[in-house]
Amino acid sequence: MKRFLILGFFCLLISVIVVSCANPFASPGEKLFTQAKEIEMKTEYFGAFDHYLSAITKLRAEGKIGQVNECRDALTRVEKITSTYSLSEEAARGMIKQALPDIPESTIDQVIKEGRLPSLKIGGTVYYFVDFLNTLAHIYPKLRGEQSASALGKSTNFFQIMSRYIYAKDDLLPGQTLTNPISYRAKGEISIPRKSLPDKGLYKVWLPLPLVTAAQQDIKLISIYPREYLKYPLKQDGDLGVAYFEIPLEEIKDDLSIGLEILFTHYEERFKVDPDKIGQYDRQSPLYKQYTASGKNIALTPAIRAKARQLAGREKNPYKIAKIFYDHIVWDLDYSFTPHLALEALKIPESVFVQEQRYGDCGAQSMYFAALCRSVGIPARASGGLQLFPVNDAGCGDHFWAQIYLPNYGWVPVDTSAGQIAKYMPQLTSEEQHDFANYYFGKMDPFRYLIQHDVDLPLTPPPDRTLAFGMVLQSPTALCSEMDRNPGLTIMDGWQMTVTPIR
C-alpha cells in the first residue's frame, strides 16, 4: 500500500473514538454504532457502511439525536471511501480488457504489480478507483485506447480554438490587460423527487454563484429558486460566491427543484510581467501571511518544502521560480483524475497526493503548485469553478487553476493542467507544444466561470455537520438532519449545468 494512504489511515484512526469495552447499559443502537466504528478501524469500510446505516435507524428510533448526527458523519466518511474505491482487481482487469481488447494478460499483470493505479486496501483486499482508466491512459501512453483517441480529438480542436489567443499580437502595456470578452448564459438545476425527502425537517442548501471580479463582470441574475427560501443576501464579491436556502420540507408538496439562471461576461486576462520590476513582499501583511501558510489541502510538508527548494535552486526572483514550478508540473508530472472524495475522508491533503503519486487533475495540480510556491514565500492560491472550453455539449465542466501574487502586478493566473494538454498532443511540433503551455503561465482564456478564489473556504452560514465535499463548491451541497444519508452526495451527482456563449 502507498505510504500516503497508510499515513491517511493512521490519521483516521486518531479521529475515530472507539469504546474498548462493552457498555452493559448501551442501547441496541449504541451497540451497533460501536460495532460500526470497530469495523471501520479494521478498514472494512463496506461492512462499516452497512452497520452505520443500521445504527442511524435504531438511534433515531431511540431518540438519541446527538449520536444520530455523529453516526451520519461517519456514514458520510465511509461512503466517500467506498464510492471512490469500489472496483475489485477482477473488475479492474475486466475494464482494462474491455477498453483494450488486444492487451496481453502479462501487460495487465505488470501494470497491477507496479501499483501506480490509484487503489486502497479495504479489509485486506485491494480496491481500485472508479476512474482508474483515466490514470492508466495518462501514465501509460502506449495503452491509450479509443476513448483516449476521442479525447485527443477534442484536444486538437481546443488547440485550434486557442491559437487565436496564443498567437495574438504582443503589444500589451505592462501589467494586466483584459480583452476578448465572451458573454454567457448559465443554467443549473436539480429536481429532487418528493418521495426521496422526509415528510418534515429543514433542508439546507448552499448554491454556488459566479464571483464579480475584474475579469468576470456584468453578472445578471435572471432567476434563482426556490427564491422564497433564500435566507441571506447573495454573496458574489468576496472569496466565494454562494446563495443559501433553508427549505422547510413540510411545505414541499411536489418534487423539489433547485436552480438558477445567470448572464455574465468573462474576459481573457493577459499579464505582461517584467521580472525586474516586481516589488518587494510585505511579509507582515495579512495577504502574505494567509497565502504563504500551510493549509488543509495546500499542505506544506517537509517533502514538499524540500522539493520546492530543490527546484528553485539559486533563483531568487518569484516570477522565475514560479515558472520553474509550472514547467515541472506540466512536463515532469502527469494528468489524471484524482480520488478527491476519498482523500478528504482519509484526511490526505491534495498537495501530498500529487507529491507522492506524481500525477493529479486540475484541482490537485493547482493545489500542489500553490504549495510549492508557498514553500518558498510566494503567495499562491487555487481558484476555480467551471471551464467553458467549447468542446462538449454542456459547454462546461469542473475546473480549477492557480494564481500567484506579484507585487506591482497583483494576482497572476497559472493553469498547469490546461497547459499540460499540449503534452498529450503528439501531432503538435515541440515549438507548438511549448507555445501552448507557455500561454497558461500569466495568461488566461475567457472560457471561465469563477466561483471561488481558493480551496477550503468557509461557507456562510457555517455547516453544523460534515458536508459531502468541503474542499470546493462547484455544485450545490446540502444538509438535512432528518435524512440518514448525506443529501449533498446525491445533489453533487444530479446537478445539471449548461453554459452557452451568447455573444
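**Entry 1: the model**
I am working from a predicted model, so I keep in mind that local features here need a pLDDT of at least 70.

**Entry 2: the second largest pocket**
I looked up the volume of the second largest pocket and found about 500 Å³. Its lining is made of 21 residues. Lys80, Lys296, Glu344, Thr466 and Gly470 are the ones nearest the centre. Two elements, α4 (65-84) and α12 (340-345), each give two or more residues to this lining. I then sorted the lining by class and got ten nonpolar, seven charged and four polar residues.

**Entry 3: the largest nonpolar core**
Next I turned to the core. The largest nonpolar core holds 154 residues. Tyr203, Phe369, Ile404, Phe436, Tyr440 and Tyr449 have the most contacts inside this core. Helix α14 (residues 362-375) supplies the largest share, with nine residues.

**Entry 4: the cysteines**
How many disulfides does the structure hold? I found zero. Cysteine 362 has its nearest cysteine sulfur, that of cysteine 396, 13 Å away. For cysteine 373, the nearest cysteine sulfur is that of cysteine 362, at 17 Å, and cysteine 373 is in no disulfide either.

I also checked burial for both. Cysteine 362 counts as buried because its relative accessibility is 11%, and the cut-off for buried is under 20%. Cysteine 373 is buried too, with a relative accessible area of 0%.

Notes: Residues are numbered from 1 along each chain as its sequence is written. This is a predicted model: local features need pLDDT of at least 70, side-chain atom pairs count only at pLDDT 80 or more; totals for chains, interfaces and linings use all residues. Side-chain values use heavy atoms; hydrogens and water are left out. On a 1 Å grid over the protein atoms alone, a cavity is a set of points where a 1.4 Å probe fits but cannot get out, and a pocket is an open set with protein on both sides within 12 Å along at least five of seven lines; lining residues have an atom within 4 Å of a point. Grid points are joined across faces, edges and corners, and a volume is the space filled by probe spheres set on the points. Helices (H or I, at least four residues) and strands (E, at least two) are DSSP runs, numbered from the N terminus. Ala, Val, Leu, Ile, Met, Phe, Trp, Tyr, Cys and Pro count as nonpolar, Asp, Glu, Lys and Arg as charged, and the others, Gly among them, as polar. A nonpolar core is a set of buried Ala, Val, Leu, Ile, Met, Phe, Trp, Tyr and Cys residues joined through side-chain atoms within 4.5 Å. Buried means under 20% relative accessible area, exposed over 50%, partly exposed in between (1.4 Å probe, protein chains only). A disulfide is a pair of cysteine sulfur atoms within 2.5 Å.
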